[in-house]
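Please look over the sequence and the predicted model shown below.

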Amino acid sequence: MRWLMLYARSRQVPAALAAALIGAWAVWALARDGGATPGDPRPAVLALTVAAAAASTGLGGQDLALDRTAAVRWWTRRTAHVLLAGATACALLLGSRAMGEELAATAFVVRDGAGLMGLAALGAAVCGAAYAWTLPVGWLALSLFSPPLTGVPMQVVTWMLQPAGTAAGTWTALTVTVAGTAAYAVAGPRR
């Protein structure tokens, strides 16, 4: 087998892709049948969070000691893994357009997909791959249930639900993406 196939299998990529696909389909079906109002960002954010949570389980290998002692440059593979997982999450959601439903604008999907995968990568570096899903899911819960206050601090807290052109939302997503990806690429998943 080639190293890419071995890497994908050891990181549970096929299972994560299947879970993300099923999650995106379920959110799309519920949003369509549940009467979600047009322009409501919650279904899109939920689908991206499901995809990030599914991908986060593969941010650690089967044997962390083996990963740490292997004579390969892991930071490049880790960075590529996070970026490809984020791109896949965005592609799944943008693929719903082929079914005639646009859940969100492209800029919104790209911003939130990148930010959520950055949160998942940060979760892997801080909590370990088994619990990496807690940061994206926790921040989503905080965003959904926070009081409807205004101001920049509240826009930072609810960056996932802010429109695509909101500066605070864009900068928060960019900061989380860069910090999470860098922490995971350098430190790897926590044991």
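Where is Y131 found? In this predicted model, Y131 sits in the loop that runs between helix 6 (106-127) and helix 7 (134-145). Its relative accessibility is 52%, and because the cut-off for an exposed residue is over 50%, Y131 counts as exposed. Together with W133 and V137, Y131 makes a nonpolar surface patch of about 290 Å².

When contacts are counted between residues at least 6 apart in sequence, 72% of them join residues that are at least 24 apart.

Helix 5 can be checked for its length and for the way its residues are turned. Helix 5 covers residues 74-94, and its 21 residues, taken at 1.5 Å a residue, should span 30 Å, which agrees with the 30 Å that separates its end C-alpha atoms. The buried residues of helix 5 are W74, R78, H81, V82, A85, G86, A89, C90 and L93. These residues cover an arc of only 160° around the axis, and therefore they lie on the same side of helix 5. On the face of helix 5 that is turned away from the buried side, the exposed residues are L83 and L84.

D112 lies in helix 6 and counts as buried because its relative accessibility is 0%; leaving aside residues up to four places away in sequence, D112 touches V45, L48, W159 and M160. A120 also lies in helix 6, and with a relative accessible area of 0% A120 is likewise buried. Not counting residues up to four places away in sequence, A120 touches A52, S56, L59, A132 and P136. The C-alpha atoms of A120 and A53 are separated by 6.9 Å, although the two residues are 67 residues apart along the chain.

Notes. Residues numbered from 1 in each chain as written. Predicted model: local features only at pLDDT ≥ 70, side-chain atom pairs only at ≥ 80, totals over all residues. Heavy atoms only, no water. Contact = heavy atoms within 4.5 Å. Helix = DSSP H or I, 4+ residues; strand = E, 2+ residues; numbered from the N terminus. Expected span 1.5 Å × (residues − 1). Buried < 20%, exposed > 50% of the residue type's maximum accessible area, 1.4 Å probe, protein only. Arc of directions from axis to C-beta. Patch = residues over 30% accessible without salt bridge, like charges linked within 9 Å, V, L, I, M, F, W, Y side chains within 5 Å. Areas by Shrake-Rupley, 256 points an atom, 1.4 Å probe, with all protein chains shown as cover. Salt bridge = Lys/Arg side-chain N within 4 Å of Asp/Glu carboxyl O.
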